[in-house]
Amino acid sequence: MAVPPIHRSPHAAGPRLPWLLDAVLGLLVVAALPLAIVAIPNTLSVVAKLLPGDIDQIGLMRTHGLALPALVLTVPLASVALRRVKAAHLLLAGLTLVALSDAAGGYAGSELLVGVVRVVRGIGAGLILPATLAAVWDRARVLRALWAGMFSLSLLAAQALALWPLDAVSSWKVTLQPYPLVTGVALALAAVHFVAWMLLGRPSTQTADDEDRGRLLLAVAPAAGIAIMAISTANEGWRAIPVIALAGLGVVGLLVLASFGPSRNRALSYSMVAVGVVLLPSAAQVTLMEMGGLGGPGLRGLWVPFGVAGLLAVAAAVAVRLFAGIAARWLVPLGLLAMVAGLCSVRLVVPAADGLVLVVPFTLLAAGAAVALTAALQDVGFGAAVYGLSLCCAGVLAGFLLGTGVQMTMLDGVRSAQELVDRFVGALHWWALIGGFLLVVVIALASVMARRTVKDEAPSPREGADAGPGEQPCAGGPADEGARAGTPPESAFDTGRPRWGDERRPEPPAVPPQAHSPEDTASA
(Lines give C-alpha, C1' and ligand atoms only; values in the text may rest on other atoms or scores of the structure.)
Protein backbone atom coordinates (compact mmCIF):
# COMPACT_ATOMS: atom_id res chain seq x y z
CA MET A 1 0.00 0.00 0.00
CA ALA A 2 1.33 3.45 -1.01
CA VAL A 3 2.26 5.78 1.83
CA PRO A 4 2.52 9.49 0.97
CA PRO A 5 5.50 11.48 2.25
CA ILE A 6 5.16 13.13 5.64
CA HIS A 7 5.19 16.93 5.55
CA ARG A 8 6.71 18.75 8.49
CA SER A 9 4.59 21.28 10.32
CA PRO A 10 5.42 24.89 9.38
CA HIS A 11 5.38 25.81 13.07
CA ALA A 12 8.42 25.02 15.20
CA ALA A 13 7.81 22.97 18.27
CA GLY A 14 7.72 24.93 21.49
CA PRO A 15 10.49 24.55 24.06
CA ARG A 16 10.36 22.05 26.85
CA LEU A 17 9.63 23.57 30.25
CA PRO A 18 8.61 26.97 28.80
CA TRP A 19 7.90 28.38 32.25
CA LEU A 20 11.54 27.92 33.22
CA LEU A 21 12.81 29.72 30.14
CA ASP A 22 10.29 32.53 30.67
CA ALA A 23 11.28 32.91 34.33
CA VAL A 24 14.96 33.26 33.47
CA LEU A 25 14.14 35.66 30.66
CA GLY A 26 12.01 37.81 32.96
CA LEU A 27 14.83 38.11 35.49
CA LEU A 28 17.22 38.95 32.68
CA VAL A 29 14.97 41.75 31.43
CA VAL A 30 14.71 43.21 34.95
CA ALA A 31 18.50 43.20 35.36
CA ALA A 32 19.70 44.05 31.83
CA LEU A 33 17.41 46.89 30.73
CA PRO A 34 18.31 49.34 33.55
CA LEU A 35 21.95 48.36 33.14
CA ALA A 36 21.80 49.31 29.46
CA ILE A 37 19.95 52.62 29.96
CA VAL A 38 22.17 53.72 32.85
CA ALA A 39 25.02 54.04 30.33
CA ILE A 40 23.31 57.10 28.81
CA PRO A 41 23.80 59.90 31.43
CA ASN A 42 27.11 61.75 31.51
CA THR A 43 27.93 62.09 35.22
CA LEU A 44 31.62 62.99 35.08
CA SER A 45 30.95 66.61 36.08
CA VAL A 46 29.68 65.37 39.47
CA VAL A 47 33.15 64.08 40.36
CA ALA A 48 35.08 66.85 38.62
CA LYS A 49 36.94 67.68 41.85
CA LEU A 50 38.45 64.19 41.86
CA LEU A 51 39.92 64.46 38.35
CA PRO A 52 43.74 64.65 38.20
CA GLY A 53 45.21 67.98 37.28
CA ASP A 54 47.23 66.70 34.31
CA ILE A 55 44.11 65.62 32.36
CA ASP A 56 42.05 67.92 30.18
CA GLN A 57 38.85 67.95 32.22
CA ILE A 58 36.66 69.49 29.51
CA GLY A 59 37.90 66.97 26.93
CA LEU A 60 37.35 64.12 29.37
CA MET A 61 33.76 65.19 29.96
CA ARG A 62 33.15 65.28 26.22
CA THR A 63 34.53 61.80 25.62
CA HIS A 64 32.54 60.49 28.59
CA GLY A 65 29.39 61.43 26.69
CA LEU A 66 30.17 59.17 23.71
CA ALA A 67 28.17 56.25 25.12
CA LEU A 68 24.81 57.66 23.98
CA PRO A 69 25.83 58.30 20.32
CA ALA A 70 27.34 54.79 20.23
CA LEU A 71 24.09 53.32 21.57
CA VAL A 72 21.98 55.29 19.10
CA LEU A 73 23.99 53.99 16.14
CA THR A 74 24.13 50.41 17.42
CA VAL A 75 20.40 49.79 17.99
CA PRO A 76 19.25 49.81 14.31
CA LEU A 77 22.32 47.86 13.17
CA ALA A 78 21.81 45.26 15.91
CA SER A 79 18.15 44.98 14.89
CA VAL A 80 19.23 44.16 11.35
CA ALA A 81 21.82 41.70 12.65
CA LEU A 82 19.06 39.69 14.33
CA ARG A 83 18.35 38.16 10.92
CA ARG A 84 21.70 36.35 11.17
CA VAL A 85 22.37 36.21 14.92
CA LYS A 86 20.03 34.74 17.49
CA ALA A 87 18.76 36.95 20.29
CA ALA A 88 20.38 34.74 22.95
CA HIS A 89 23.79 35.19 21.31
CA LEU A 90 23.30 38.95 20.93
CA LEU A 91 22.25 39.32 24.56
CA LEU A 92 25.31 37.47 25.75
CA ALA A 93 27.56 39.56 23.50
CA GLY A 94 26.05 42.85 24.69
CA LEU A 95 26.42 42.04 28.38
CA THR A 96 29.95 40.78 27.76
CA LEU A 97 30.87 44.16 26.25
CA VAL A 98 29.33 45.95 29.25
CA ALA A 99 31.36 43.73 31.58
CA LEU A 100 34.54 44.43 29.59
CA SER A 101 33.89 48.17 29.84
CA ASP A 102 33.50 47.79 33.61
CA ALA A 103 36.79 45.93 33.85
CA ALA A 104 38.65 48.35 31.57
CA GLY A 105 37.22 51.39 33.37
CA GLY A 106 39.54 50.85 36.29
CA TYR A 107 42.56 51.25 34.01
CA ALA A 108 41.35 54.23 31.95
CA GLY A 109 43.68 57.08 32.76
CA SER A 110 43.55 59.19 29.61
CA GLU A 111 41.00 60.91 27.45
CA LEU A 112 41.43 58.32 24.68
CA LEU A 113 40.92 55.33 26.96
CA VAL A 114 37.88 56.91 28.58
CA GLY A 115 36.38 57.46 25.14
CA VAL A 116 37.05 53.83 24.14
CA VAL A 117 35.52 52.50 27.36
CA ARG A 118 32.38 54.61 26.95
CA VAL A 119 31.97 53.67 23.28
CA VAL A 120 32.29 49.97 24.13
CA ARG A 121 29.69 50.38 26.87
CA GLY A 122 27.35 52.20 24.48
CA ILE A 123 27.71 49.43 21.89
CA GLY A 124 26.97 46.79 24.51
CA ALA A 125 23.88 48.67 25.65
CA GLY A 126 22.78 49.06 22.03
CA LEU A 127 22.95 45.30 21.59
CA ILE A 128 20.98 44.60 24.76
CA LEU A 129 17.91 46.71 23.92
CA PRO A 130 16.78 45.02 20.66
CA ALA A 131 18.01 41.60 21.81
CA THR A 132 15.80 41.64 24.92
CA LEU A 133 12.81 42.76 22.84
CA ALA A 134 13.42 39.94 20.34
CA ALA A 135 13.80 37.40 23.14
CA VAL A 136 10.44 38.26 24.78
CA TRP A 137 8.47 38.86 21.58
CA ASP A 138 6.98 35.37 21.12
CA ARG A 139 7.20 34.22 24.71
CA ALA A 140 4.58 34.56 27.46
CA ARG A 141 2.31 37.57 27.01
CA VAL A 142 3.36 39.12 30.29
CA LEU A 143 7.01 39.29 29.20
CA ARG A 144 6.39 41.86 26.48
CA ALA A 145 4.53 44.00 29.02
CA LEU A 146 7.41 43.53 31.47
CA TRP A 147 9.82 44.75 28.80
CA ALA A 148 7.74 47.88 28.13
CA GLY A 149 7.33 48.61 31.84
CA MET A 150 11.01 48.13 32.65
CA PHE A 151 12.03 50.19 29.62
CA SER A 152 9.86 53.09 30.80
CA LEU A 153 11.13 52.77 34.38
CA SER A 154 14.75 52.65 33.18
CA LEU A 155 14.29 55.86 31.21
CA LEU A 156 12.69 57.52 34.24
CA ALA A 157 15.35 56.49 36.77
CA ALA A 158 18.48 56.47 34.56
CA GLN A 159 19.90 59.72 35.91
CA ALA A 160 19.30 58.74 39.52
CA LEU A 161 20.80 55.28 38.97
CA ALA A 162 23.87 56.85 37.37
CA LEU A 163 24.32 59.26 40.31
CA TRP A 164 23.73 56.75 43.12
CA PRO A 165 27.20 55.07 43.07
CA LEU A 166 28.91 58.50 43.15
CA ASP A 167 27.88 59.31 46.70
CA ALA A 168 31.04 59.83 48.80
CA VAL A 169 33.37 58.14 46.29
CA SER A 170 37.12 58.59 46.32
CA SER A 171 37.82 57.92 42.61
CA TRP A 172 36.34 59.46 39.48
CA LYS A 173 36.65 56.12 37.68
CA VAL A 174 33.50 54.91 39.43
CA THR A 175 31.61 56.73 36.67
CA LEU A 176 33.05 54.19 34.21
CA GLN A 177 32.06 51.14 36.29
CA PRO A 178 28.96 52.13 38.28
CA TYR A 179 27.44 48.67 38.91
CA PRO A 180 30.00 45.88 38.46
CA LEU A 181 28.05 43.50 40.72
CA VAL A 182 24.80 44.01 38.77
CA THR A 183 26.73 43.53 35.54
CA GLY A 184 28.04 40.20 36.82
CA VAL A 185 24.56 39.07 37.84
CA ALA A 186 23.09 40.07 34.46
CA LEU A 187 25.91 38.32 32.62
CA ALA A 188 25.33 35.15 34.66
CA LEU A 189 21.60 35.31 33.89
CA ALA A 190 22.41 35.73 30.19
CA ALA A 191 24.62 32.64 30.34
CA VAL A 192 21.88 30.65 32.10
CA HIS A 193 19.36 31.86 29.52
CA PHE A 194 21.69 30.84 26.71
CA VAL A 195 22.16 27.34 28.14
CA ALA A 196 18.41 26.96 28.79
CA TRP A 197 17.69 28.20 25.27
CA MET A 198 19.98 25.50 23.84
CA LEU A 199 18.85 22.63 26.06
CA LEU A 200 15.11 23.30 26.17
CA GLY A 201 14.45 23.43 22.44
CA ARG A 202 15.95 26.63 20.96
CA PRO A 203 12.65 28.50 20.41
CA SER A 204 12.76 30.71 17.35
CA THR A 205 12.88 34.50 17.70
CA GLN A 206 11.34 37.13 15.47
CA THR A 207 13.38 39.05 12.90
CA ALA A 208 12.69 42.04 10.69
CA ASP A 209 11.66 41.33 7.10
CA ASP A 210 13.28 42.91 4.05
CA GLU A 211 11.05 46.01 4.07
CA ASP A 212 11.63 46.63 7.77
CA ARG A 213 15.35 46.04 7.32
CA GLY A 214 15.42 48.81 4.71
CA ARG A 215 13.72 51.21 7.11
CA LEU A 216 16.12 50.22 9.90
CA LEU A 217 19.10 50.99 7.69
CA LEU A 218 17.44 54.27 6.77
CA ALA A 219 17.12 55.11 10.48
CA VAL A 220 20.91 54.97 10.79
CA ALA A 221 21.21 58.22 8.80
CA PRO A 222 19.31 60.54 11.19
CA ALA A 223 20.86 58.74 14.15
CA ALA A 224 24.31 59.49 12.76
CA GLY A 225 23.31 63.09 12.01
CA ILE A 226 22.03 63.69 15.54
CA ALA A 227 25.14 62.04 16.99
CA ILE A 228 27.39 64.30 14.88
CA MET A 229 25.41 67.33 16.04
CA ALA A 230 25.79 66.30 19.68
CA ILE A 231 29.55 65.81 19.35
CA SER A 232 29.95 69.07 17.40
CA THR A 233 28.03 71.13 19.93
CA ALA A 234 30.22 69.74 22.73
CA ASN A 235 33.51 70.33 20.89
CA GLU A 236 32.85 73.61 19.10
CA GLY A 237 31.04 75.51 21.84
CA TRP A 238 27.94 76.41 19.82
CA ARG A 239 25.53 79.06 21.00
CA ALA A 240 22.07 78.26 22.32
CA ILE A 241 20.02 79.22 19.25
CA PRO A 242 21.87 76.94 16.78
CA VAL A 243 21.69 74.05 19.27
CA ILE A 244 17.92 74.48 19.69
CA ALA A 245 17.40 74.83 15.94
CA LEU A 246 19.41 71.72 15.06
CA ALA A 247 17.82 69.68 17.86
CA GLY A 248 14.36 70.74 16.70
CA LEU A 249 15.30 69.79 13.15
CA GLY A 250 16.38 66.37 14.44
CA VAL A 251 13.03 65.84 16.18
CA VAL A 252 11.17 66.82 13.00
CA GLY A 253 13.31 64.39 11.01
CA LEU A 254 12.47 61.57 13.40
CA LEU A 255 8.75 62.32 13.09
CA VAL A 256 9.12 62.23 9.30
CA LEU A 257 10.80 58.83 9.51
CA ALA A 258 8.02 57.68 11.85
CA SER A 259 5.56 58.38 9.02
CA PHE A 260 7.23 55.79 6.78
CA GLY A 261 5.83 52.31 6.43
CA PRO A 262 2.31 50.89 6.84
CA SER A 263 -0.24 53.06 8.61
CA ARG A 264 -0.80 50.46 11.34
CA ASN A 265 2.80 50.98 12.51
CA ARG A 266 2.72 54.75 12.81
CA ALA A 267 1.11 54.94 16.24
CA LEU A 268 4.02 52.96 17.67
CA SER A 269 6.67 54.97 15.80
CA TYR A 270 5.21 58.32 16.86
CA SER A 271 4.85 57.14 20.45
CA MET A 272 8.43 55.88 20.56
CA VAL A 273 9.75 59.22 19.29
CA ALA A 274 7.70 61.15 21.85
CA VAL A 275 8.73 58.91 24.77
CA GLY A 276 12.39 59.11 23.79
CA VAL A 277 12.48 62.88 23.42
CA VAL A 278 10.50 63.63 26.58
CA LEU A 279 10.87 60.97 29.29
CA LEU A 280 14.59 60.62 30.07
CA PRO A 281 15.56 64.30 29.50
CA SER A 282 12.66 65.44 31.70
CA ALA A 283 13.34 62.95 34.48
CA ALA A 284 17.05 63.77 34.41
CA GLN A 285 16.39 67.49 34.93
CA VAL A 286 13.93 66.78 37.74
CA THR A 287 16.44 64.46 39.45
CA LEU A 288 19.22 67.04 39.26
CA MET A 289 16.87 69.73 40.56
CA GLU A 290 16.00 67.62 43.61
CA MET A 291 19.58 67.14 44.77
CA GLY A 292 20.33 68.10 48.35
CA GLY A 293 22.56 71.02 47.37
CA LEU A 294 19.59 72.75 45.70
CA GLY A 295 17.21 72.33 48.64
CA GLY A 296 15.67 69.04 47.54
CA PRO A 297 15.51 65.76 49.47
CA GLY A 298 18.48 64.24 47.62
CA LEU A 299 18.63 60.78 46.13
CA ARG A 300 17.64 59.10 49.39
CA GLY A 301 14.33 60.94 49.29
CA LEU A 302 13.65 60.00 45.68
CA TRP A 303 13.77 56.20 45.82
CA VAL A 304 10.24 55.86 47.19
CA PRO A 305 8.74 57.89 44.30
CA PHE A 306 10.86 55.95 41.81
CA GLY A 307 9.84 52.62 43.36
CA VAL A 308 6.13 53.45 43.39
CA ALA A 309 6.27 54.76 39.83
CA GLY A 310 8.13 51.66 38.65
CA LEU A 311 5.72 49.20 40.25
CA LEU A 312 2.70 51.03 38.85
CA ALA A 313 4.29 51.28 35.41
CA VAL A 314 4.96 47.53 35.22
CA ALA A 315 1.50 46.72 36.63
CA ALA A 316 -0.19 49.03 34.14
CA ALA A 317 1.74 47.50 31.25
CA VAL A 318 0.80 43.96 32.33
CA ALA A 319 -2.86 44.95 32.71
CA VAL A 320 -2.92 46.46 29.22
CA ARG A 321 -1.25 43.41 27.72
CA LEU A 322 -3.57 40.89 29.39
CA PHE A 323 -6.93 42.62 29.58
CA ALA A 324 -7.12 45.56 27.15
CA GLY A 325 -8.17 43.61 24.05
CA ILE A 326 -9.73 45.81 21.40
CA ALA A 327 -9.80 48.71 23.88
CA ALA A 328 -6.01 49.01 23.51
CA ARG A 329 -6.53 51.39 20.59
CA TRP A 330 -7.70 54.05 23.04
CA LEU A 331 -4.82 53.54 25.44
CA VAL A 332 -2.02 54.85 23.22
CA PRO A 333 -3.25 58.47 23.20
CA LEU A 334 -4.41 58.16 26.81
CA GLY A 335 -0.93 57.06 27.87
CA LEU A 336 0.63 60.03 26.09
CA LEU A 337 -1.93 62.34 27.69
CA ALA A 338 -0.94 60.94 31.09
CA MET A 339 2.62 61.99 30.31
CA VAL A 340 1.34 65.48 29.47
CA ALA A 341 -0.34 65.56 32.89
CA GLY A 342 2.93 64.44 34.46
CA LEU A 343 4.80 67.34 32.83
CA CYS A 344 2.11 69.74 34.04
CA SER A 345 2.58 68.43 37.59
CA VAL A 346 6.34 68.97 37.22
CA ARG A 347 5.67 72.67 36.69
CA LEU A 348 3.48 72.69 39.81
CA VAL A 349 5.48 70.68 42.37
CA VAL A 350 9.16 70.92 41.33
CA PRO A 351 11.29 71.91 43.16
CA ALA A 352 9.92 70.14 46.23
CA ALA A 353 11.56 69.80 49.63
CA ASP A 354 9.57 66.61 50.29
CA GLY A 355 10.33 63.82 47.86
CA LEU A 356 7.01 62.01 48.36
CA VAL A 357 5.13 64.60 46.33
CA LEU A 358 7.17 63.51 43.30
CA VAL A 359 5.19 60.26 43.23
CA VAL A 360 2.62 62.11 41.14
CA PRO A 361 4.80 63.30 38.21
CA PHE A 362 6.99 60.18 38.23
CA THR A 363 4.00 57.83 38.16
CA LEU A 364 2.21 59.77 35.43
CA LEU A 365 5.35 59.85 33.29
CA ALA A 366 6.42 56.21 33.74
CA ALA A 367 2.96 54.61 33.74
CA GLY A 368 1.80 56.77 30.84
CA ALA A 369 4.82 55.76 28.75
CA ALA A 370 4.41 52.08 29.70
CA VAL A 371 0.71 52.07 28.78
CA ALA A 372 1.29 53.85 25.46
CA LEU A 373 4.15 51.57 24.42
CA THR A 374 2.44 48.34 25.51
CA ALA A 375 -0.78 49.23 23.72
CA ALA A 376 1.09 50.30 20.58
CA LEU A 377 3.11 47.06 20.56
CA GLN A 378 -0.05 44.93 20.58
CA ASP A 379 -0.73 44.75 16.83
CA VAL A 380 2.56 45.42 15.07
CA GLY A 381 5.27 43.09 13.82
CA PHE A 382 8.69 42.75 15.29
CA GLY A 383 10.30 44.79 12.51
CA ALA A 384 8.07 47.77 13.29
CA ALA A 385 8.86 47.37 17.00
CA VAL A 386 12.64 47.57 16.61
CA TYR A 387 12.25 50.38 14.07
CA GLY A 388 10.32 52.36 16.68
CA LEU A 389 12.96 51.48 19.28
CA SER A 390 15.67 52.89 16.98
CA LEU A 391 13.73 56.14 16.64
CA CYS A 392 13.21 56.25 20.41
CA CYS A 393 16.94 56.04 21.15
CA ALA A 394 17.69 58.74 18.60
CA GLY A 395 14.93 60.81 20.21
CA VAL A 396 16.66 60.56 23.60
CA LEU A 397 19.77 62.17 22.13
CA ALA A 398 17.71 64.85 20.36
CA GLY A 399 15.83 65.54 23.59
CA PHE A 400 19.06 66.02 25.53
CA LEU A 401 20.29 68.44 22.86
CA LEU A 402 17.04 70.40 22.96
CA GLY A 403 17.04 70.52 26.75
CA THR A 404 20.67 71.65 26.75
CA GLY A 405 19.81 74.47 24.36
CA VAL A 406 16.98 75.62 26.65
CA GLN A 407 19.32 75.59 29.66
CA MET A 408 21.98 77.54 27.76
CA THR A 409 19.40 80.20 26.92
CA MET A 410 18.17 80.50 30.49
CA LEU A 411 21.63 80.50 32.13
CA ASP A 412 23.11 83.20 29.92
CA GLY A 413 24.18 86.20 32.00
CA VAL A 414 23.81 84.62 35.47
CA ARG A 415 25.51 86.72 38.19
CA SER A 416 24.76 85.02 41.52
CA ALA A 417 24.20 81.58 42.99
CA GLN A 418 20.53 82.26 43.76
CA GLU A 419 19.96 83.52 40.25
CA LEU A 420 21.59 80.33 38.95
CA VAL A 421 19.16 78.17 40.92
CA ASP A 422 16.20 80.26 39.77
CA ARG A 423 17.31 79.99 36.14
CA PHE A 424 17.67 76.20 36.45
CA VAL A 425 14.11 75.99 37.75
CA GLY A 426 12.92 78.22 34.94
CA ALA A 427 14.70 76.05 32.36
CA LEU A 428 13.01 72.94 33.77
CA HIS A 429 9.58 74.57 33.62
CA TRP A 430 10.16 75.71 30.05
CA TRP A 431 11.31 72.22 29.12
CA ALA A 432 8.17 70.71 30.68
CA LEU A 433 6.10 73.08 28.56
CA ILE A 434 8.00 72.16 25.38
CA GLY A 435 7.73 68.45 26.13
CA GLY A 436 3.99 68.65 26.76
CA PHE A 437 3.48 70.57 23.54
CA LEU A 438 5.46 67.93 21.64
CA LEU A 439 3.33 65.12 23.08
CA VAL A 440 0.13 66.90 22.04
CA VAL A 441 1.54 67.44 18.55
CA VAL A 442 2.40 63.74 18.29
CA ILE A 443 -1.13 62.72 19.32
CA ALA A 444 -2.66 65.09 16.76
CA LEU A 445 -0.19 64.10 14.03
CA ALA A 446 -0.87 60.40 14.53
CA SER A 447 -4.62 61.01 14.30
CA VAL A 448 -4.37 63.12 11.15
CA MET A 449 -1.98 60.75 9.37
CA ALA A 450 -4.03 57.68 10.27
CA ARG A 451 -7.31 59.18 9.04
CA ARG A 452 -5.68 60.53 5.88
CA THR A 453 -4.26 57.09 5.08
CA VAL A 454 -7.65 55.42 5.50
CA LYS A 455 -9.28 58.08 3.33
CA ASP A 456 -6.73 57.60 0.55
CA GLU A 457 -7.17 53.83 0.59
CA ALA A 458 -10.99 54.00 0.53
CA PRO A 459 -12.78 53.53 -2.88
CA SER A 460 -14.72 56.45 -4.28
CA PRO A 461 -18.56 56.28 -4.35
CA ARG A 462 -18.52 56.19 -8.16
CA GLU A 463 -16.24 53.16 -8.17
CA GLY A 464 -18.54 51.41 -5.76
CA ALA A 465 -21.58 52.22 -7.90
CA ASP A 466 -19.93 51.01 -11.11
CA ALA A 467 -19.15 47.63 -9.57
CA GLY A 468 -21.73 44.94 -10.33
CA PRO A 469 -23.61 43.07 -7.65
CA GLY A 470 -21.19 40.16 -7.76
CA GLU A 471 -18.04 42.24 -8.29
CA GLN A 472 -15.60 43.43 -5.69
CA PRO A 473 -15.50 47.22 -5.17
CA CYS A 474 -11.71 47.10 -5.15
CA ALA A 475 -9.12 44.58 -6.16
CA GLY A 476 -7.56 42.39 -3.56
CA GLY A 477 -10.50 41.90 -1.14
CA PRO A 478 -14.15 40.91 -0.91
CA ALA A 479 -16.98 43.38 -0.94
CA ASP A 480 -17.35 43.61 2.83
CA GLU A 481 -13.65 44.49 3.15
CA GLY A 482 -14.01 47.25 0.59
CA ALA A 483 -16.91 48.74 2.45
CA ARG A 484 -15.04 48.43 5.68
CA ALA A 485 -12.01 50.22 4.23
CA GLY A 486 -14.17 53.23 3.45
CA THR A 487 -15.17 53.63 7.08
CA PRO A 488 -12.77 55.71 9.16
CA PRO A 489 -11.56 54.07 12.35
CA GLU A 490 -13.18 54.90 15.64
CA SER A 491 -9.80 56.05 16.92
CA ALA A 492 -6.81 57.63 15.30
CA PHE A 493 -4.70 54.77 16.59
CA ASP A 494 -7.05 52.02 15.27
CA THR A 495 -5.76 51.60 11.73
CA GLY A 496 -4.73 48.12 10.78
CA ARG A 497 -6.52 46.46 13.75
CA PRO A 498 -8.53 43.32 12.93
CA ARG A 499 -12.30 43.66 13.30
CA TRP A 500 -14.82 41.44 14.98
CA GLY A 501 -15.86 38.62 12.69
CA ASP A 502 -12.52 38.31 10.95
CA GLU A 503 -11.61 34.67 10.65
CA ARG A 504 -8.34 33.04 9.79
CA ARG A 505 -8.23 30.27 7.24
CA PRO A 506 -7.59 26.95 8.99
CA GLU A 507 -4.08 25.65 8.56
CA PRO A 508 -3.57 22.38 6.67
CA PRO A 509 -2.73 19.39 8.84
CA ALA A 510 0.91 18.55 9.27
CA VAL A 511 0.33 14.96 7.98
CA PRO A 512 -2.18 14.60 5.09
CA PRO A 513 -4.79 11.80 5.14
CA GLN A 514 -3.72 8.42 3.80
CA ALA A 515 -4.31 7.94 0.05
CA HIS A 516 -5.88 4.85 -1.55
CA SER A 517 -3.44 2.25 -2.82
CA PRO A 518 -3.64 1.10 -6.49
CA GLU A 519 -3.53 -2.47 -5.13
CA ASP A 520 -6.88 -1.93 -3.45
CA THR A 521 -8.45 -1.04 -6.84
CA ALA A 522 -6.87 -4.04 -8.55
CA SER A 523 -8.09 -6.48 -5.89
CA ALA A 524 -11.60 -5.05 -6.16
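I began with S154, which is in contact (heavy atoms within 4.5 Å) with L33, P34 and I37, leaving aside its neighbours within four places in sequence. The model I examined is predicted, so that local features need pLDDT of at least 70 and side-chain atom pairs count only at pLDDT 80 or more, while totals for chains, interfaces and linings use all residues. Residues are numbered from 1 along each chain as its sequence is written, and side-chain values use heavy atoms, without hydrogens and water.

I placed S154 in helix α6 (residues 141-163); helices are DSSP runs of H or I, at least four residues, numbered from the N terminus. S154 has 3% relative accessibility and therefore counts as buried (under 20% relative accessible area; exposed is over 50%, partly exposed in between, with a 1.4 Å probe and protein chains only). I also found a polar atom of the S154 side chain 2.6 Å from the backbone oxygen of M150.

Next I looked up aromatic pairs (ring centres of Phe, Tyr and Trp, the last by its six-membered ring, within 6.5 Å), and the whole structure holds six. F306 and F362 have ring centres 4.6 Å apart and planes at 15 degrees, so I recorded the pair as stacked (planes under 30 degrees apart; over 60 is edge-to-face and the rest tilted). F306 belongs to helix α11 (residues 303-323) and F362 to helix α13 (residues 359-376), so the pair ties together parts 56 residues apart in sequence. I noted that F306 is buried at 3% relative accessibility, and F362 is buried at 1%. Ring pairs join W164, W303, F306 and F362 in a cluster.

Note on methods: Helix = DSSP H or I, 4+ residues; strand = E, 2+ residues; numbered from the N terminus. Polar contact = N/O pair within 3.5 Å; in protein donor to acceptor, adjacent residues only side chain to side chain.
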